[in-house]
Amino acid sequence: MARRGKKKGRPVSGWVILDKPVGMGSTEAVSKVKWLFQAEKAGHAGTLDPLASGMLPIALGEATKTVPYVQDGAKVYRFAVAWGEERSTDDLEGPVTKSSEKRPAEEEIRALLPKYTGVIMQAPPQFSAIKIAGERAYDMARSGEVVEIPEREVEIGRFDLLEMRPDGSTVFEIECGKGTYVRSLARDMGRDLGCFGHIAELRRTEVDPFTPEDFVTVAELEAARFGEAGQAAWEEAGKPLPDFGAIDDLLIDTGAALECLPQVALSDEAAQKIRLGNPVIIRGRDAPVEAEEACATARGRLVAIGAIEAGMFKPKRVFVG
């Protein structure tokens, strides 16, 4: 008896800029979105902890090829640090490991911010996805090991103190580069201030090139797929589900992730050659002559990522559709 092939899903492509709720893991969020779109393939650009909320860019189909460009983009976080306790996970999830009665004054905190602005060295949290000798740091930490994670260089372009709350916590907003751990900031600032600290709230509001205007919630995706009555009403009525038109309208074009690259507009003929893996001569007065990476489009649709050498576009990664 022949084995039934695994259902592949739809060849749908684009970005979903999910406003991830607190309590949902990044992998769970990707699975949910992939299921709602019945997509063949899905991935995300930058993990968010379950206790964090906010922007989780999820790539479907061909957009998964552009994930590295979004991962490298600047990010904006808004977070609250609770002073007086250091925790094993550097957030609310872990038990208290150190405590202090001291609480920092606003002036002390503001005086410390320049130390954490610009290019700095930072040690990731013990409970992180960093691999040490092939093992995830969080797996080692959960088994009771003390994990030695080397410091790494990260960049924080902006570090603002927004609010001193009545409960004693402090609200900040930062703009930072790839690899920055906000939990490490809370831990290190608490130690510098002599009072300890951990993350009490964390929300990611931007991942370049996406902005809060691009946000969509799980509830909005479900409503677009099943209508306001929800999936149960369709199943109870025994009717076929509506088509994917409404939910597909919530997708952001795959090429939006590549706004950081030089853009080259191609004719239909040149685009066909590129899709076959062949280089083409770039025409036009404003066309770049040299570029290590560039984005080629035809009729506003993404065709390929490639290099421009001596006025010729050479494809490296071609996109379908």
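I looked for disulfides, taken as pairs of cysteine sulfur atoms within 2.5 Å, and the count came to zero. The model is predicted, so I kept to its rules: local features need pLDDT of at least 70, side-chain atom pairs count only at pLDDT 80 or more, and totals for chains, interfaces and linings use all residues. Residues are numbered from 1 along each chain as its sequence is written, and side-chain values use heavy atoms, with hydrogens and water left out.

**Cysteines.** I checked cysteine 260. Its sulfur is 8.9 Å from the closest cysteine sulfur, in cysteine 295, which is too far for a bond. I then looked up accessibility, where buried means under 20% relative accessible area, exposed over 50%, and partly exposed in between (1.4 Å probe, protein chains only). Cysteine 260 is exposed at 55%. Cysteine 176 is buried at 3%.

**Cores.** I next looked up nonpolar cores, meaning sets of buried Ala, Val, Leu, Ile, Met, Phe, Trp, Tyr and Cys residues joined through side-chain atoms within 4.5 Å. The largest has 26 residues. Phe79, Phe159, Phe172, Ile174 and Met189 have the most contacts inside it. For elements I used DSSP runs numbered from the N terminus: helices (H or I, at least four residues) and strands (E, at least two). Those giving two or more residues to this core are β4 (75-83), α3 (106-112), β10 (152-164), β11 (170-176), α5 (182-193) and β12 (197-207). The most come from α5, with five residues. A second, separate core has 21 residues, including Met24, Ala224, Ile247 and Leu251.

**Backbone.** Most residues other than glycine have a negative phi, and most peptide bonds are trans. I noted some exceptions here. Glutamine 38 has a positive phi of about 50° without being a glycine. It lies in the loop between α1 (26-37) and β2 (42-44), and is partly exposed at 25%. Aspartate 90, also not a glycine, has a positive phi of about 65°. Its loop runs between β5 (85-87) and β6 (96-99). Aspartate 90 is buried, at 3% relative accessibility.

Last, I checked proline 209. The peptide bond from aspartate 208 to proline 209 is cis, with omega near 15°. Proline 209 is in the loop between β12 and α6 (218-226).
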